[in-house]
Amino acid sequence: MAWPALIALTVPVTAVLLWLHVPAALMLGPLVAGIVFASWGGQVRSPVSIFAVAQGIVGILIAKMVPLSIVGDILGHWLLFTTGVVSVLVASCGLGWLMTRLQILPGTTALWGISPGAASVMTFMAEAYGADIRLVALMQYLRIFMVAGIAALVARLFGVSSSYGAAAIVWFPEVHWLSLGETLALAIVGPAIAWVARIPAGAFLVPMVAGIVLAHLGWMTIELPTWLLAASYALVGWNVGLRFTRPLLVHAVRALPRIVVCTLILIALCGGIAALFVLVADVDPLTAYLATSPGGSDSIAIIAASTDCDVSFVMAMQTVRMIAVLLLAPALTSFIARRIKVPPADEGRGSLKGR
């Protein structure tokens with residue numbers, strides 16, 4: 001009965017968000033419903049592969065919207081992209097260093113939890129360096145939730161066309177079945193290749209890159225009917241929301257206000273970087289904000305696809321930063337953790353509880 005209950009909770013929440021014309025309502029509704037369902041003690045069982053295919057569908061959606069010339073755009077504006085990526089990394093590392101020095105959270109938890117992206121990688125590595133893995137997971141996925149919510153609000157304020165409203169949705173459009181078969185094949189094979197090759201975030205990245213190349217060369221036509229996108233958005237939202245289980249929230253209840261504050265600080269710092277993009281590089285506010293948002297690339301992709309922003313710029317920046325985080329953040333975080341020489345999380349929990 002778990003899945004019917006989750007779906008029954010998701011439908012009205014999503015319907016309200018659609019009625020309010022909230023960007024990416026088809027993802028945010030399931031995300032909110034998943035949080036409520038999991039915090040009430042609800043549990044659902046689903047193969048990880050199903051969520052991976054949903055991420056693949058989102059990657060292919062971006063491939064449909066982003067031309068192959070994105071590579072030339074990155075190389076042609078390398079200074080802007082480098083500045084954006086490095087600025088976000090510096091902001092997150094600096095904030096993590098300060099929080100760890102002040103022991104706002106036990107051990108090196110803040111350092112790992114504040115890393116802007118690569119949530120699963122940071123969570124898995126955190127325990128080996130004396131961090132509280134449960135608080136790291138909460139920080140990572142709470143940030144994705146908050147970034148998605150704030151990004152949707154910014155999108156609503158700065159640039160959503162009325163054509164994206166609920167009334168414009170055609171749930172069952174005419175479908176070209178051969179193209180749909182090709183699209184589904186890529187959504188399945190892409191994540192499988194990423195899993196075999198152990199590519200972090202590959203379930204999203206491999207189908208996106210392959211889709212851009214294959215569509216550009218004319219070797220496939222991407223077909224994404226609304227019902228398939230809605231199902232994929234729901235799975236992406238549930239994948240984040242269902243992680244907010246009651247035991248996790250109970251464990252983190254004392255630290256939650258601090259986690260929320262430091263997450264908001266990181267989002268504000270990234271917002272400042274976006275403001276510089278607007279002032280210096282003449283990037284429109286919505287595009288700049290979505291491009292610099294810290295983490296949740298698949299969530300940002302869904303929000304970007306529902307707005308009038310420059311999707312190519314947003315996803316180019318998000319992708320470059322994701323790769324940079326995957327390559328650099330573990331080494332940087334480990335280096336800072338060794339230099340600070342704080343006690344492990346097990347020793348720090350006493351001070352946390354006593355505050």
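This is a predicted model: local features need pLDDT of at least 70, side-chain atom pairs count only at pLDDT 80 or more; totals for chains, interfaces and linings use all residues.
**Helices and a buried serine**

Residues are numbered from 1 along each chain as its sequence is written, and side-chain values use heavy atoms, with hydrogens and water left out.

Reader: Okay, is Ser 179 buried or exposed?
Author: Buried means under 20% relative accessible area and exposed means over 50%, with partly exposed in between (1.4 Å probe, protein chains only). Ser 179 has a value of 12%, so the residue is buried.

Reader: Which residues does Ser 179 touch, leaving out those up to four places away in sequence?
Author: A contact here means heavy atoms within 4.5 Å. By that rule, Ser 179 touches Thr 221 and Glu 223.

Reader: At what angle do the axes of helix 2 and helix 11 cross?
Author: Axes are lines fitted to C-alpha atoms, for helices over the stretch in contact, and angles run from 0 to 180 degrees between N-to-C directions. Helix 2 (residues 25-39) and helix 11 (residues 226-241) have axes that come within 7 Å, and the crossing is roughly 35°.

Reader: And what share of the whole protein is buried?
Author: The fold has 17 helices and zero strands (a strand being an E run of at least two residues). Of its 355 residues, the share that counts as buried is 51%.

Technical notes. Helices (H or I, at least four residues) and strands (E, at least two) are DSSP runs, numbered from the N terminus.
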